[in-house]
Amino acid sequence: MRSVWKWSIGVAVCAIAVVAIANWYVNYSLKPKMEVALKKRVVDGTNGHYRLTYDELELSLLAGNATATNIRLTPAMSADTRHRPAATIYHLRIGRLKINGVGLLRLLISNRLTINTITIDTPSFRIVRHRQVDTGATDSASKPVHEQITQTLSGIKVNRIVLQAGEFELADEHDATHLHIQKITGTARDIRIDSASLLDTARLYGAKAIQLEAETVDYVRPDSLYHLQIGPLHFQTTKEELVLHNLRYGPTLSKAAFYRRTQLAKDISNISISRIGLTGIDITRWVSAQTIAAAALHIDSGSIAIYKDKTQPNPPENKIGKSPHQQLLRLEQPVAIDSVLIGALDIGFTEVSDQTGKAGTVTFETTSGVIRNLTNDSLALVRNRFMELHARSRVMGAGDLTVDFRFDLRDSLGAHKYRAQLGPMSGTPFNKMLTPQLHVEIEHVAIQGLRFDMEANDRRTAGTLHLDYDNLKVNMLREDNEGGTSTKPIVSFFANRFLLNDSNPDANGVRHTGQVYIERPYSFSFFKMIWRSIREGTKECIGL
């Protein structure tokens, strides 16, 4: 019995000694050769454009672990590569990379590497885009990063990758484009790095499951006029959802500076959304066709404010063919979202008149609704060619409005229909829009109801408008020397007495209906045509 114990202890001591000697041999003899081979593989895999460096590498053969600190993947600055500028340059730094549970036995038997966990601490990935110079040669470094990684690390299987406190930055040398994502954390599970796994529709970039979070996302447009902020962000493949919180999109300049810069009557947009969620994401369609497909897009509470100064020159552009649904069809990115659900948005449009120089505003509070079949995907359009919008809102904080749009996404002229119905309300809240624009004030009117039904395309808008109201009286205004306004009593009297119908149906029981037919000028936008059709129909109803 005592000899068995001695034999067992002897075997264990020998095994430990062998492992210790092997571990020493790996760290002090093979490690330098491995480092040289690894760095050479990176250089060869990027055709000499990048080099790999790090401060320290520790290996443990017994545990199958490896740890490297201060890893850097940087562009090579040799004379051979300096004169062949790439379109995109990558900079990667990792504070610490820890690999646990390397399957050495499987590697020896099958020549395939399996790893239990890879932990990446404080990585920083920066992409700088340069103007591409045609040298007549193909730049292999311009291949997508994931393709280069696949070529370099093909055949590896990893149970889990953990990302901690990461940072991503994208910049462009020739414009103001700047994207900065901070404090990225995430976990990827069951990762296979090979060409087949990248095409596997059950996996996303080789991973069976991905969970990703980011604290802040900042983006500046190429023209530097607008800044986008989002944070935090959550993405999870197992739940098939992407959630964005606290979206803010607005100009980087004051209104005065914006128009000094553009010198055109462009819209200034300010958008604030508390939460945007994409649910029911179809990972398979993204992997197979790079299509953003989802069951629903949720836009929950916020505000959209549009401001336009018409005292500035109008942009010299043809706006035919630029309606919202036509812009959707022109997107390079394929999109297929079953439903867009909108909740509690406050929407406002402010326009500075080129006649009076004053700003009028129309508002739509607590707007909610749904958009069905938001898509530019050709296969989806074969099944259903129509995109529909149904929305409800509170106009000027006083009247209940329902709106329905129907867009034909396969019509070459951008055909669409829209109808709306406004419930009873006082007309005086519309003075916020009318008085600054036209120097007209509604003294009183009781709107019983407004409804219209229009058909439109790139060439014209036609339809009918019905406006029922009682006791209409307006004041025609003049501007005094101090910028205020006063009533023109005589003009107002004649307007109310001889020009306007004080009610509809009028005193004789005749109902006036607006018959609308407008040829579309090339400079009229989609929304301007809607506003013009309402204005022309209203004028007929009130007797103008």
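Is Tyr418 buried or exposed? At 3% relative accessibility, Tyr418 counts as buried. Keep in mind that this is a predicted model.

**Aromatic rings**

Tyr418 has a ring partner in Phe405: the two ring centres are 5.4 Å apart and the planes meet at 25°, so the pair counts as stacked. The partners come from distant parts of the chain, with Phe405 in strand β17 (residues 399-408) and Tyr418 in strand β18 (residues 416-422), 13 residues apart. Phe405 is buried too, with a relative accessible area of 12%. Both rings belong to one aromatic cluster, which also takes in Phe407, Phe452, Phe526 and Phe527. Across the model the count comes to 15 aromatic pairs.

The charged end of Arg406 sits over the ring of Phe386, 3.8 Å from its centre. Lys528 lies over the face of Phe524, at 4.3 Å from the ring centre.

**The nonpolar core**

Phe452 turns up again in the largest nonpolar core, which has 103 residues. Phe452 is listed there among the residues with the most contacts inside the core, along with Val340, Leu465, Leu467 and Leu472. Strand β20 (residues 440-456) gives this core its largest share, eight residues. In soluble globular proteins, nonpolar side chains tend to be buried together.

Take Val340 as a way in. Setting aside neighbours within four places in sequence, Val340 is in contact with Leu297, Ile299, Gly369, Val370, Ile371 and Leu374.

After α10 comes His439, with a positive phi near 55°.

**Strands around β8**

Strand β8 (residues 207-220) is joined to strand β7 (residues 178-193) by twelve bridges, and the two run antiparallel. Five residues sit between the strands of the β8 and β9 hairpin, where Ser224 takes a positive phi near 65°. Strand β10 (residues 233-236) is a further antiparallel partner of β8, joined by four bridges; in β10, Phe235 is the bridge partner of Leu212.

Most residues other than glycine have a negative phi, and most peptide bonds are trans. Here are some places to check against that background:

| Site | Feature | Value |
|---|---|---|
| Gly231 and Pro232 | cis peptide bond | omega about -5° |
| Asn504 and Pro505 | cis peptide bond | omega about 5° |
| Asn70 | positive phi | near 50° |
| Asn246 | positive phi | about 55° |

Pro232 lies in the loop between β9 and β10. Pro505 is in the loop between α11 (489-499) and β23 (513-519).

As for the asparagines, Asn70 lies in strand β3 (residues 65-75), while Asn246 is in strand β11 (residues 241-251). Which class of burial does each get? Asn70 counts as buried because its relative accessibility is 17%, under the 20% limit. Asn246 is partly exposed, with a relative accessible area of 36%.

How values were computed: Residues are numbered from 1 along each chain as its sequence is written. This is a predicted model: local features need pLDDT of at least 70, side-chain atom pairs count only at pLDDT 80 or more; totals for chains, interfaces and linings use all residues. Side-chain values use heavy atoms; hydrogens and water are left out. A nonpolar core is a set of buried Ala, Val, Leu, Ile, Met, Phe, Trp, Tyr and Cys residues joined through side-chain atoms within 4.5 Å. Buried means under 20% relative accessible area, exposed over 50%, partly exposed in between (1.4 Å probe, protein chains only). Contact means heavy atoms within 4.5 Å. Two strands pair if DSSP finds at least two bridges between them. Rings of Phe, Tyr and Trp (its six-membered ring) pair if their centres lie within 6.5 Å; planes under 30 degrees apart count as stacked, over 60 as edge-to-face and the rest as tilted. A charge sits over a ring if NZ of Lys or CZ of Arg is within 6 Å of the ring centre and within 35 degrees of the ring normal.
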